[in-house]
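Please keep the sequence and the model at hand while working through them.

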Amino acid sequence: MASKSTPSLSSAAAASKKSPASPSSATASGKPKPSDRLNPKTIDPFNKKQAAKSSFAVEYNNGNIPCRLNHGSVKHKLEWKRDISEVQFDPTLVLLATGLPETSHPYTFLSENGFKELLEQPDASARMNQQLVDRIVPHIKLALCSETRFEAGLNCLEVLSQVVQEGLNVHLKGLMQQLAKKSSKGKIRDRVMDVLQVLEQNGGKDALLAIKEKIPTYTPLIC
């Protein structure tokens with residue numbers, strides 16, 4: 001009787017090369033495997049979407065924004081590369097404003113605090129002009145459109161108002177649309193009302209008219 005022949009190791013190896021292993025049911029179904037939790041995916045440096053950075057991040061990483069985050073033992077603070085009184089508002093203030101809609105650390109901290117610290121300089125009013133205001137406001141508006149960055153936009157709007165006074169009036173109608181959405185919501189409502197009062201105080205009658213047009217329930221400082 002003839003005995004069965006056993007396939008050689010070389011034949012088995014060749015067969016395995018021809019027929020690739022079938023994917024697991026978890027992979028084929030598109031569901032994550034249990035091992036994915038232990039081995040999270042890293043960023044693919046060749047993926048253009050993942051590698052893309054915001055304009056603010058690019059400017060900061062290129063050294064065009066003259067401040068950096070100083071990790072203090074108690075709290076973070078900004079460290080300026082040169083005396084803050086020597087920092088030019090144009091373009092630094094505008095660059096910091098572009099970072100206000102940012103949602104990633106440390107850009108969130110850098111943009112908001114850098115913006116406020118520059119405008120809190122004693123001579124800030126003298127160093128501002130309407131052209132700068134016009135370039136800054138669209139970025140504040142973008143922050144106000146964000147759920148996570150709304151308060152940062154609100155804080156910077158308040159500081160800007162204190163510096164430029166009536167210079168914000170031309171932009172108030174557009175800004176009020178976002179403030180109106182939060183003017184009756186929870187804890188943020190009181191903060192919105194505080195900023196509206198600052199806008200009215202600094203912008204006068206024209207500011208009040210712009211506020212009342214979008215937020216009829218607003219109570220003026222002087223009834």
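**Exercise 1.** Determine how Asp90 and Arg135 are paired, and which helices the pair links.

*Solution.* In this predicted model, the closest N and O atoms of Asp90 and Arg135 are 3.1 Å apart. The cut-off is 4 Å between a side-chain nitrogen of Lys or Arg and a carboxyl oxygen of Asp or Glu, so the contact qualifies as a salt bridge. Asp90 lies in helix H6 (residues 89-98) and Arg135 in helix H9 (residues 130-144), so that the pair, 45 residues apart, links distant parts of the chain.

**Exercise 2.** Classify Asp90 and Arg135 as buried, partly exposed or exposed.

*Solution.* Asp90 has a relative accessibility of 42%, and Arg135 has one of 31%. Buried requires under 20% and exposed over 50%, and therefore Asp90 counts as partly exposed, as does Arg135.

**Exercise 3.** Find the partner of Glu158 and the helices involved.

*Solution.* The side chain of Glu158 meets that of Arg191 in a salt bridge, with an N to O distance of 2.5 Å. Glu158 belongs to helix H10 (residues 150-164) and Arg191 to helix H12 (residues 188-214), and this pair, 33 residues apart, again links distant parts of the chain.

Key:
Residues are numbered from 1 along each chain as its sequence is written. This is a predicted model: local features need pLDDT of at least 70, side-chain atom pairs count only at pLDDT 80 or more; totals for chains, interfaces and linings use all residues. Side-chain values use heavy atoms; hydrogens and water are left out. Helices (H or I, at least four residues) and strands (E, at least two) are DSSP runs, numbered from the N terminus. Buried means under 20% relative accessible area, exposed over 50%, partly exposed in between (1.4 Å probe, protein chains only).
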